Amino acid sequence: MKQGIHPDYHSVIFVDSSTGYKFLSGSTQTSKETIKWEDGNEYPLIRVEISSDSHPFYTGKQKFTQADGRVDRFNKKYGFKNDN
């Protein structure tokens, strides 16, 4: 690996702004904010808007805006029932 061309890779704590969930991971991002982790060491703190703790795919709280098709919505709106 060439020296001097790669960014500094180090441990960073990411915190989910919406839930407060924190996790330690490796990253090239830096921050002036630091926080003390469970192991007693201080690490840079990166705030993220969404993580696996708040993402609908992982939490199972998805909103399905178009669960029905156009025909089903039309039939619901105008009261037509399909009695096959």
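The model is predicted. The chain comprises 84 residues, and its secondary structure consists of four strands and two helices. Ser51 lies in a loop, while Phe14, Tyr21 and Phe23 form a cluster through ring pairs.

**Overall architecture**

- Starting at the N terminus, the order of elements is β-β-β-β-α-α.
- Of the 84 residues, 18% are buried.
- Among contacts with a separation of 6 or more, 34% join residues 24 or more positions apart.
- The chain has an accessible surface of about 7,400 Å², and carbon and sulfur atoms contribute 49% of this area.

- A polar contact of 2.7 Å joins the side chains of Ser51 and Asp16.
- When neighbours within four places in sequence are set aside, the contacts of Ser51 are Asp16, Tyr21 and Phe23.

**Aromatic pairs**

- Two aromatic pairs are present in the structure.
- The pair Phe14 and Phe23 is stacked, because the ring centres are 5.5 Å apart and the planes lie at 25°.
- The pair Tyr21 and Phe23 is tilted, with ring centres 5.9 Å apart and planes at 35°.
- Phe14 is buried at 11% relative accessibility, whereas Phe23 is partly exposed at 28% and Tyr21 is partly exposed at 35%.
- Tyr21 and Phe23 belong to the ring cluster and are also in contact with Ser51.

Definitions and conventions. Residues are numbered from 1 along each chain as its sequence is written. This is a predicted model: local features need pLDDT of at least 70, side-chain atom pairs count only at pLDDT 80 or more; totals for chains, interfaces and linings use all residues. Side-chain values use heavy atoms; hydrogens and water are left out. A polar contact is a pair of N or O atoms within 3.5 Å; within protein, one must be able to donate a hydrogen and the other to accept it, and residues adjacent in sequence count only if both atoms are side-chain atoms. Contact means heavy atoms within 4.5 Å. Buried means under 20% relative accessible area, exposed over 50%, partly exposed in between (1.4 Å probe, protein chains only). Accessible areas come from the Shrake-Rupley method with a 1.4 Å probe; for residues, only the protein chains shown count as cover. Rings of Phe, Tyr and Trp (its six-membered ring) pair if their centres lie within 6.5 Å; planes under 30 degrees apart count as stacked, over 60 as edge-to-face and the rest as tilted.
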